[in-house]
Amino acid sequence: MPTANPSPYGHMNNPSGWYRSYCLSLIFVVLVIAYIDRGIFGVILEPVKQEFGLSDLQLGVLTGPAFALFYALMGIPLARWADVGNRRTVVALCLAVWSGMTALGGMAQNFLTLFLTRIGVGVGEAGAVPPTHSLASNYYPPTQHGKVASILSFAALIGSFVGVILGGEVLKASTWRITLMVVGIPGLLLAVVVFASLREPRQITRVPRPGEIFDASSRAVMRKLLATKTYFQLLLTFATVSFFTLGMPAFAIPFFQRSFELEVNIATRSYGSAALVSTLIGTILAGIIVDRLARRDVAWKLRLPGLACLIAAPIMAAALLAPDYRLCLALYVVANTLVFMALPALYSAVYGVAHDSERSMAIALLGLVTNLIGLGVGPVLIGAASDWLQPQFGSDSLRYALAGSVLFLAWASLHMLKGVRTYRQDYVAGDAASD
């Protein structure tokens, strides 16, 4: 077991190449499972709507607040536990919770019971991103953090793709209930593997007492982060960009089913393949470009995503308003490639302005606004807008509701570009604190 001497690797002294690669791979798989369990709900929305007689607004509530509110509320205490405790334990426990609740969703008998299982998924997944990103960043030096962020961001692609494709095929062959069980059960087995084989680099870890979650030191960390000008712009960025990046996937499959009259398995294959290709290209390009540009000027960690999202916004709007689903998918690939060039760069930017012992909290605060606003409010407003537009546009009401959400993508780009002005100074401070 490595000792706890200070090093650029967090608290681990140059871990062996094979082991840190194994840890990063295992963390990657955990995040893939998280995105499968999170995204599968979008695939089953139409049969759930028909069985329980729900409106688009109610679907938005199930997709958004049921998950997002408790995801956000649990994010801070779980991040605090991750910052002072054994992150392996946090990840394994949370993985078991969200996977089990996903499977239990297949037994729901009405809107309320399905709502409660979605709450359980949100509670579990609150311990997914902050501790995994924090742990992974400890295994690699700062010069490779852009690569680490890109690899972990790639998990969103794989998880979303597998969830959409697998969900569509299982749903076509069975029911939405079986679909939830099929994707939930494997996570329970993976939780055992995580607990048994993943090492915590820290020599001393502990479980924080309830009073410590928001104690003076925790509040000081939050105040310090919020007082950092670049981090505050990142906070606003994640709040606004997530309105679209989380709202669009929530209703993507129903959109293709309604506006283009596609069967569920054709819709999932088409959308899933487009998302796979675009996210793959965007993430790979980010991994290559971000670190290279940052060597010349670290401000590119915010300048690149700002420009990418600004260009992507009108292209995405054109995709959603396209009259043919093939044209829609072609334009979507271009726009989504740009969006997924942005996301890894944003996480890399967070790494640069937060101390190692503050990184989980920094990511958790971003997750708080992302989920309360992006996921908590986004699907609800999109669903409400679709219901409101339905008398005028019929089955295309969801198309126009989604197109309107693209404005948030452009809004987010303004915060990224504003953050460029202060990033050099804040990056130097964060880098010095990590040495």
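Which residues form a nonpolar patch on the surface? In this predicted model, the patch is built from Leu 69, Leu 73, Leu 372, Ile 373, Val 377 and Leu 381, and together these residues have about 470 Å² of accessible area. Two helices, α4 (65–84) and α15 (359–375), each supply at least two residues of the patch. Val 377, for its part, sits in the loop between α15 and α16 (378–393).

Next up is a pair of packed helices. Helix α3 (residues 56–63) packs with helix α6 (residues 111–125) at an angle of about 30°, and their axes lie 9 Å apart. Angles under 35 degrees count as roughly parallel, so α3 and α6 are roughly parallel to each other. On the α3 side, the contact is made by Gln 58, Val 61, Leu 62 and Thr 63, while α6 brings in Phe 111, Leu 114, Phe 115 and Arg 118. Sorted by class, this contact of α3 with α6 has five nonpolar residues, two polar ones and one charged one.

As for charge pairing, the count comes to 10 salt bridges.

Definitions and conventions:
Residues numbered from 1 in each chain as written. Predicted model: local features only at pLDDT ≥ 70, side-chain atom pairs only at ≥ 80, totals over all residues. Heavy atoms only, no water. Axes fitted to C-alpha atoms, helices over the stretch in contact; angles between N-to-C directions. Helix = DSSP H or I, 4+ residues; strand = E, 2+ residues; numbered from the N terminus. Parallel < 35°, antiparallel > 145°, perpendicular 65-115°, else oblique. Contact = heavy atoms within 4.5 Å. Nonpolar A, V, L, I, M, F, W, Y, C, P; charged D, E, K, R; others polar. Patch = residues over 30% accessible without salt bridge, like charges linked within 9 Å, V, L, I, M, F, W, Y side chains within 5 Å. Areas by Shrake-Rupley, 256 points an atom, 1.4 Å probe, with all protein chains shown as cover. Salt bridge = Lys/Arg side-chain N within 4 Å of Asp/Glu carboxyl O.
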